[in-house]
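Have the model open as you read.

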Amino acid sequence: MIWMSWRQFRTQAIVGVGALAVLAAYLLQLGMRIRDSRDSYLGRCQPQGDCAQAMSQFVGEHQNTLLILAGLFGLLPGILGMFWGAPLVARELDAGTHRLVWNQSVSRRRWLLTRLLFVGLAGAAMTGLVSLLLTWAASPVDAVADDRFSTVVFGARNIAPIGYALFAVTVGTVVGLLVRRTLPAMALTILVFGVVQFGMPNLVRPYLMTPVDVTRPMTAEAINEARGLGSISSAAVVRGLTVPDAWVTRTSELRTTDGRALDADRFDDCLMRPPKTGATGTFGDAARCLGELDLHVDLSYQPNHRYWPFQWLESVIYLALSALLTVFGLWRIQRRVS
Amino acid sequence: MPVAVRPPKHGAMRTADSPAVLHAEHLTKRYGRRPALTDCDLTIPAGRLIGLVGPNGAGKSTLLQLACGLIAPTSGTLRVLGSRPASTPAHLARVGFVAQDTPVYASFTVADHLRMGARLNPSWDQALAERRIAQVGLHPGQRAGRLSGGQRAQLALTVAAAKRPELLILDEPAAALDPLARNGFLGNLREFVAELGASAVLSSHLLDDVERVCDHLVVLSGSRVQVAGDVPDLLAAHHRILAPRDELDRLPTGVEVIRAERADRHVRVLVRAAGGLPPIPWPVEPVRLEELVLGYLTRASESSAAGAAPSAGEVRR
């Protein structure tokens, strides 16, 4: 059955290895370039003793490239699910060859399990290798940028992508088994995978471990550290508050001392018609006006030292989902059929 | 309403020692509401080359796919070589199946198919497979996707046969072949099955094919088994009688009218007398197999046409 799995996977594997080789060469070259760039920044600033600004320039120079790479890498498991997972059973059903292979002396369950494991592990290996290279290439930037928990970056480093790949291939296989036609199965696979990949960082990941809650007084200085004030719904919110070495998962609206949300009219007054005092800072008079109201916000965050527990938790979740889907597929293939 | 004819079970006595290759009881398969096979009772003894005939849509493919476990029955039981179809790998090894339109892997070479067979079947007979491939003029390096319909059928048959099954099931194996290829395929098949020492079931909508190679016949029509039995027994049990009109009701008991055809003042009647025909005052002639099968098929189509009205009412409800 292993030979059979390999023989049927051969063409896809060759394409995959080819793509992997190109990608690996690029990532190695990128990693070297990033290291060279860091060294030249450090070489220029070290004589003066202060490298903070140079380092932020260094991050700025590479962050966009790395972000795009992380985004593209996020698609890889989906592509594997589409092109390796979905056709695994669906193409057999399309071509009618299941009637040939299911009548050899191998039970349908063993046939499915072997092929799924074979392709799933190949997908995991490929994704793992790319993840390893990308993590290595980006590590000088990641060390300075301190954004390892950000949605895109988290899913494109270390071990989490391996779980995604296993999951995507399993989804593809099971969808193919249910839909029974290759093209619709491919489309549905990328759709399902996309929905899960959207839901995971937004709806599940923030709650994988109990977040730390903190109340932060909103003085004028604190407000000036925010990225934005107010929202389209004209609620009294501050956006982009940060906690050092942590991922802020939730920010409450501005609250008064009695714990209630700040009245939208008073917020608007401060925002639109603050008393002119000539205050400086990002939000100037508005920040000063709000600061005098004795406000606070409640923040929830995940400290950065939880990064590895989160990587493992997420991997285990995707692994468990893959296992459940596999069990369903094995149950289904025995009863259903042409 | 169509009347299900319980097939005579003559094989039962002869093969009391070896289990039936196929034994169905009240076997029913529906696709949604459409019946594909209705309440079939069927026992096929071992050591035969069985022909399954019937018009398109009669349920032949359904019966064969049930037999190799590709689909599961809606109700009733089916035992193949004594156990549930495709229940274990060991059982899979005992049944070879060539599906309709003979699927093969287009990207595999002929040799790849043999290697697949060798890897997936413990009882694989590589020598037999190679001999047969050479015999039918296939080259190991050829891609299966480039083979002609006849070559593909030969390849599929080789893969099914080289695992040395006890029962070989062939679903319309000759359907895609031109007359010449069909001739060669069927001629070859008979020798080959004899060489294997297996039983084989072969379905076809062409009686010719089946008549040439089979020694046991199952006639399927309107999702029901119309008649089944060894060909010599069937021929011995059926007769054509030329009876005067209006005297048909004087037929002795034990003689069943299958089909009556008017001719002048007489009626040409196809009858079955399972226990031998009692003395009858009218001319009796033997029947040919084709006539016999057509008699049953005509009766089935007439009775289903008569039953069409009530069944339409059923669907509406």
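**A hairpin and its surroundings**

In chain B, β8(B) and β9(B) pair in the antiparallel sense, over 6 bridges; strands here are DSSP E runs of at least two residues and helices are H or I runs of at least four, numbered from the N terminus, and two strands pair if DSSP finds at least two bridges between them. Before going on: this is a predicted model, where local features need pLDDT of at least 70, side-chain atom pairs count only at pLDDT 80 or more, and totals for chains, interfaces and linings use all residues. Residues are numbered from 1 along each chain as its sequence is written, while chains are lettered from A and ligands numbered from 1 in the order in which they are written.

Within that pairing, V218(B) sits opposite A228(B) of β9(B). The hairpin has 2 residues between its strands, and G222(B) takes a positive phi near 55 degrees there. β9(B) is largely enclosed by the rest of the structure, because 6 of its 7 residues are buried (20 or more other C-beta atoms within 10 Å of a residue's own, with C-beta atoms placed from the backbone; exposed is 12 or fewer, partly exposed in between).

Now zoom out. Chain B is assigned domain 1 (11-232) and domain 2 (237-316), with bounds from an automatic or database domain assignment. Their contact takes 10 residues from domain 1 of chain B and 8 residues from domain 2 of chain B, contact meaning backbone-placed C-beta atoms within 7 Å. On the domain 1 side, the elements giving two or more residues are α8 (207-213), β8 (216-221) and β9 (224-230) of chain B.

Methods: Two residues are in contact if their C-beta atoms, placed from the backbone, lie within 7 Å.
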